[in-house]
There are 2 protein chains.
Amino acid sequence: MPGIKKARIAIVGCGVVGGATAQYLATSEDILTTKTGLQLQLKYVIDKDFTNAKRLGLDEKLFCTDLGKALGDPEVDIVVELVGGINFAKQVIESALKAKKHVVTANKALLAHHQKELLALARANGVCLAFEASCGGGIPLIRAIYDGLMANRIDALYGIVNGTCNYILTSMTQKGLSFEEALSQAQKLGLAEADPTLDISGGDTAHKLTILASLAFARFVPWEAFPVSGIQNLDAYDVTTGGELGYTVKLLAIARRVGEKLSLMVRPAFISKTHPLAWVSGPFNAVSIYGDTVGHTMYYGRGAGGKPTASAIAGDIISIVNGSYAEVFNNNSIWQDTTAPASLASEDEFTARYYLRLMVEDKPGVLANVSAILSEQGIGISSVLQHEHSLDTEKGIPVVITTYKTVEGHVKEALAKIRKLPCSKSEPVCITILDEHAEYS
Amino acid sequence: MPGIKKARIAIVGCGVVGGATAQYLATSEDILTTKTGLQLQLKYVIDKDFTNAKRLGLDEKLFCTDLGKALGDPEVDIVVELVGGINFAKQVIESALKAKKHVVTANKALLAHHQKELLALARANGVCLAFEASCGGGIPLIRAIYDGLMANRIDALYGIVNGTCNYILTSMTQKGLSFEEALSQAQKLGLAEADPTLDISGGDTAHKLTILASLAFARFVPWEAFPVSGIQNLDAYDVTTGGELGYTVKLLAIARRVGEKLSLMVRPAFISKTHPLAWVSGPFNAVSIYGDTVGHTMYYGRGAGGKPTASAIAGDIISIVNGSYAEVFNNNSIWQDTTAPASLASEDEFTARYYLRLMVEDKPGVLANVSAILSEQGIGISSVLQHEHSLDTEKGIPVVITTYKTVEGHVKEALAKIRKLPCSKSEPVCITILDEHAEYS
């Protein structure tokens, strides 16, 4: 057995996650040494403002406002970037890598935009860049891809990776709230930001999908190359009606292998109430991964928050210091800087079932006209639901149709034609229905 | 980047899992090299009978009846033990380790009994023993414990790790079948053995709990040191009645940290229908792990079968060949051969809620007598359920009581006293109710 390996660590950014990580490292030296056989010592907490650091009772001797001092300290082995955002965080990581420090980060926005060049820079300097904490908080999810499932060709990945959206959708589903009511509740509970745009628009989920899909499919996935829609336009009526039909709506990061192409997207979608992802409620995250050998596996846990994220960051630190991460970082050919660009399938090629809510006049012949258009596009009707109503019919009355599996481009064409029918009173709603992905397809 | 690492592999035992693993390795050289940067070559398939190997179309040049030949071949780096059982499998692993070959195994029975000495023998010979496939089939679960969650003190682990039992319990729950009916169906579908004793008695689950708890709590857990009960005596009446009360019954591997002690057991238990483990149906497995930093995480997938198990075995081979496994195997102090013995809490100290089904005479005063006994033991009543009935009252009529959280020893004493009441007609049924384990307790 080798002698005890030691490392000294600098944390940059002492907010919620930085503070929790610093506190963890400052108080866990003994337990870590007992369990991992490693000596991990927090040496610097770097920030401009130490209000949070002081509130947490961190030792003021750790406080440092000068990143250059930590990077110039030959004792520092690992820099943990937790400032968030893109520009300054990128400078922090680049300067740390150039100073030949390993870097651990939770910064999904930065990784979505610049992962390839940062990985290459790490490799050029003979150090590692680790980022388990960037997706799914404390869930050991990225490890499942680069280690546990490495023997598999991954065929598909479906993820609930934004706790804010999942909390809002759970409230809409379980309490029948409108989007606005559910968002307002989440904000009151601190589960949504004052400006929730990045979460509810699907942007944060798209960042994580870029990271996960790159590794899972061993392809360079450029940021902003796939369609992203959020939950802000979801209507409580559709959430409830989908529920009657046996579905739960989730904001999903979707990635599928289709021959040599990848089909990637972020959107709210209906999944069967019997699928494990449908059960993931409140702020929890979960990701289903379908491998050609393992079949369906799922990973579940807290996707955000100081302590869960600190668990993932500390896990990365341990793997770097014991040397196991370098072996996967240097041997596996799945990292963005070592893989070919992904060839992406267009959204119109996507195959799924669809929930269509048409807003039409309440008069004879409407269903015949609609059915004829769907039929022309080769779209089969799986179910029709039209409730008796006492609605203001100015905007039309809702007729809900679910389709058999079809191609999204055909659905778009059909909806454009249906919208032009005289009986069509307002914009139809279209929500993807995802059947359980076939194992061993 | 280092040069491409190579390894040659001998598989011992070509049954369902051995055959699937051999077939995987024989057909995946290209994809493995592309993804892992490693060259893995299957060199020997060792068995006495090659019927299955031939059926799978494996190259007959691989077939070998002489284990000694493979162990004497200096080109062989890794021996995969898939013969199952204890005695001969132990000889295979011991001789492979002594020949300084790394060993990968899926053999949970052997590991439950002899893990400590086998790990020590591996270490003494400077090689690794890896066993991801021994628990939870293809789920990267053991890795979550020795890698992803390493920064945590694990506080509890609850696992559904036997697909046969979970299939039977799912049938009892969803279709209202009796145990015998559900077992018979499972046998017809090949999901239960002709002799299902090891599965339904909880024995297989206990093997896996020994392995998982040893790693999770970094303690040597001796086999047969904790109470184990199976599902063979579960009555459909209780499964249904538990369902009415909001619970689902699962055969659980249970491990909790209680101060410096561990509380370990295998038993069927009621869990709330809202707990993620309640949703795990059919032959799937899942394990919930509660860490002091990460909170609740859960791992889900296929717990058995050729391909899922081959995925885990191949994952171990990859980690051994790229060198990452040696780092965790040599640095982490969580392996049975490097840890102190566990101090186990007695079953009587276990705290939970309980479902009690008493079989009593249908006459006034019964509930008063029963309540008085429970009250004497300090046991609070949470709910009482007595249906109107048209039963043969020879064995008494069922009165179901659920308790507040209490100590198991008190429940046993109370039940012994209740059994002696004149109104008590037959043996009461007692099923543990597990509330959601508190995160960050």
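Guide: Start with a definition. Buried means under 20% relative accessible area, exposed over 50%, and partly exposed in between (1.4 Å probe, protein chains only). Helices (H or I, at least four residues) and strands (E, at least two) are DSSP runs, numbered from the N terminus. This is a predicted model: local features need pLDDT of at least 70, side-chain atom pairs count only at pLDDT 80 or more, and totals for chains, interfaces and linings use all residues. Residues are numbered from 1 along each chain as its sequence is written, chains are lettered from A and ligands numbered from 1 in the order written, and side-chain values use heavy atoms, without hydrogens and water.

Visitor: Why is strand S7 of chain A called largely enclosed by the rest of the structure?

Guide: Look at residues 154–160 of chain A. Seven of the seven are buried, so strand S7(A) is largely enclosed by the rest of the structure.

Visitor: What makes S7(A) and S10(A) a pair?

Guide: Two strands pair if DSSP finds at least two bridges between them. S7(A) and S10(A) (residues 284–291) have six, in the antiparallel sense. Therefore they meet the definition of a pair. In one bridge, Leu157(A) partners Ile289(A). S7(A) also pairs with S8(A) (residues 247–258), antiparallel over four bridges. There, Ala156(A) has Arg256(A) as its partner.

Visitor: Which strands pair between chain A and chain B?

Guide: S11(A) (residues 295–302) and S11(B) do, antiparallel over five bridges. Gly301(A) stands opposite Thr297(B).

Visitor: What makes Asp147(A) and Arg143(B) a salt bridge?

Guide: A salt bridge needs a side-chain nitrogen of Lys or Arg within 4 Å of a carboxyl oxygen of Asp or Glu. Here the N to O distance is 2.9 Å. So the pair qualifies. The count between chain B and chain A is six salt bridges.

Visitor: How many residues of each chain are in contact?

Guide: Contact means heavy atoms within 4.5 Å. By that rule, 59 residues of chain B are in contact with 59 residues of chain A.

Visitor: How much area do the two chains bury between them?

Guide: Buried area is the accessible area (1.4 Å probe) that two parts lose on being put together, summed over both. For chain B and chain A, the value is about 5,000 Å², with 57% of it on carbon and sulfur atoms. In chain B, Lys35(B), Trp279(B) and Tyr300(B) lose the most area to chain A, together 15% of what that side buries.
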